[in-house]
Amino acid sequence: MNFDLTDDHIMMKKMVRDFAEAEAGPGAEERDENEEFPMELWKKCGQLGLAGITFPEKYGGVGADYLSYSIIIEELSRVDASLGVTVSAHSSLCANPIYLFGTEEQKQKYLVPLATGEKLGAFGLTESNAGSDAKGTQTTAVREGDEYVINGSKIFITNGYYADTYVITAQMDKSKGNKGIAAFIIEKGMPGFSFGKKEKKMGIRSSATYELVFENLRIPAENLLGEEGQGFKIAMTTLDYGRIGIASQALGIAQGAYENALNYSKERVQFGKTLAEMEVIQFKLADMATEIEAARLLVYQACHMATMKRPVSKYSAMAKVYASEVANRVTTQAVQIFGGYGYTRDYPVERMMRDAKITEIYEGTSEIQRIVIAANILKEQ
Amino acid sequence: MNIVVCLKQTFDTETKISLNSDGKINEVGVTRAINPYDEFAVEEGLRLKEKFGGEVVIVSVGTEKVQESIRTALAMGADKGVLVQDPALEKADEWVVAEVLAKAISQLPYDIILAGRIAVDDQSAQVAVRVAEAMNLPSVSSILELQAEESKATATREIDGGTEIIEVPLPAVFTAQKGLNEPRYPNMMGIMKAKSKELKVMSLADLGFTEAPAPKTSEPVFSLPGSRKAGIKIQGEPADSVRELVRLLTEEAKVV
């Protein structure tokens, strides 16, 4: 056991922290207010190599481990959770399934430009009647000659509209339930593929969330990802890894809110002393710090499992459910420490509290995480 | 074009400095970073390399901890590092460091030698210029722009109230002023590759010194600046308070 980060990880953390504080911090409030997608920052992330951290160099990636990935998502999210999820959804939910299940041709054509950051990726699984329950997938795919014809729609798609490449799922044989689902790679601009409603959200407002609409979208058969009927498995595996990204995002939000509250408590004077000198505030800070450290250890453990290519499902679900709930408790306490000021948009903790909520919902709600954890531990007995 | 960049590791500018009871700086818990002015020098070196080819070599004098700052410069894109690390250098002053750097640099190929204008810790702004003197090279300080050619370079430097343009034959030493460039972040590929780049740690004996150069100055004790006195607030009718202000400026502060 070794609890020290390596020199590489320390340097990555410092680089991303410097970048996030200098480039993402100053406009985060305004982008949140205006629901403005961080396109310029995303491009800079690509130039810094943050778009393909875990993928091998031959596919345009950096060839680093999952801990590197987690550190980067945490540091981006510590300053701007919308930017954090933009990078996380791109890497975990679009580039990763192509890396794990794609053919060599698909990897060359789609993964390389994703991993280098030249293209942005998104993932479409959720539908109006298929959220936690993917069996309800109503988008259909029909094989016609050398093509698949896709009809239907997807909702709540992170990076929607702005992304170039999408991994989506569609039902090919309803009688087979989950085993009838297939995954496909589609591109923005393909005839029959358009964007519907843009969601107006409570938090992560500068992250784009769109509806994807497929009307007789015809794609070449070679854009099938994996095999017909493998789509559900691809989606679940993708989410097993993706949860490391969301857990890291939650960790970053918590860390950012905690640091803001800590600094504020040292400056704010009431009753003739700083908040930090009052035991009631010290206890809050102590709990926040402890929970964040516990969450970080769970996240780092999940990263270790992923890097070692061991079963990650239980660990990433534990990390995600715990870190996301910590993010909600910590941001709520941070707003409490700021008092009335914390409830205004003059301080970032208000945004952080709104941003934290989604981490308990997307890429599997907290309830789904507990189902995943329970299924894993009961299977082990 | 071969570029050598002199780099110093300093306390991170956000670190709060505290002193031990013996008047030495408390090293516990301080974070260290590349001297910000040296970062400009590294960046300028990388830009020259991108334009002309060649290598950027980082040279530093210091303890083992300095390796992480050299690695950061390697991650930014520098090719090699040299760290002169020797227990005999513990009390080195600007003169000693300059002598040692000059010796280390003269064993490398160089056309342009870059350094920061000043280090943010002791702010002596001497070492790079001393290196130039020791190596008998021309030097231009506080540059804001550098145009290099095959055998000469034109540098724009900051002077009081304006700028001065100086042309020098190469090789030459230049020190970077804020505004010269915007240093890049090391990217992920750079960080991953930095550890496989050559970082040579050399002793004074390795450089050919038979004995350590003796410092010409010493730093017996450090003290923190005293806390600032509270200002004086003049209250009352405008005419009276202005009269009082003028009296204080002339009689107390003696600035008018």
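Author: B:Pro109 counts as partly exposed, because its relative accessibility is 48%, and the partly exposed class lies between under 20% for buried and over 50% for exposed. These values come from a predicted model. The residue B:Pro109 sits in the loop that joins helix H3 (94-106) to strand E6 (112-116) of chain B. Leaving aside residues up to four places away in sequence, B:Pro109 touches B:Asn2 and B:Val4. From B:Pro109 to B:Leu224 there are 115 residues in sequence, and the C-alpha to C-alpha separation in space is 42 Å.

The description now turns to the interface of chain B with chain A. Here 13 residues of chain B are in contact with 20 residues of chain A. The area buried between the two chains is about 1,300 Å², and carbon and sulfur atoms give 73% of that area. Of the area that chain B buries against chain A, 53% is supplied by B:Tyr185, B:Met188 and B:Ile191, more than by any other three residues.

Charged and polar pairings are also found between the chains. The rule finds 2 salt bridges across the interface of chain B and chain A. A salt bridge is formed by A:Glu57 with B:Lys193, where the closest N and O atoms are 3.7 Å apart. Between chain B and chain A, 3 residue pairs are in polar contact, with both residues of each pair at pLDDT 80 or more. On the side of chain B that touches chain A, helix H2 (66-76) and helix H5 (188-194) of chain B each supply at least two residues. H5(B) gives the most to that side, with 5 residues. By class, the side of chain B that touches chain A has 7 nonpolar, 2 polar and 4 charged residues.

Chain A has its own helix H5, which covers residues 104-115. In this helix of chain A, the buried residues are A:Gln106, A:Lys107, A:Tyr110, A:Leu111, A:Pro113, A:Leu114 and A:Ala115. The buried residues of H5(A) pack against one helix of chain A, H4 (81-101). They also pack against strands of chain A, namely E1 (121-124), E4 (165-171), E5 (181-187) and E8 (224-225). Just after H5(A), a positive phi of about 85° is taken by A:Gly117.

Technical notes: Residues numbered from 1 in each chain as written. Chains lettered and ligands numbered in written order. Predicted model: local features only at pLDDT ≥ 70, side-chain atom pairs only at ≥ 80, totals over all residues. Heavy atoms only, no water. Contact = heavy atoms within 4.5 Å. Buried area = accessible area lost by both parts, 1.4 Å probe. Salt bridge = Lys/Arg side-chain N within 4 Å of Asp/Glu carboxyl O. Polar contact = N/O pair within 3.5 Å; in protein donor to acceptor, adjacent residues only side chain to side chain. Helix = DSSP H or I, 4+ residues; strand = E, 2+ residues; numbered from the N terminus. Nonpolar A, V, L, I, M, F, W, Y, C, P; charged D, E, K, R; others polar. Buried < 20%, exposed > 50% of the residue type's maximum accessible area, 1.4 Å probe, protein only.
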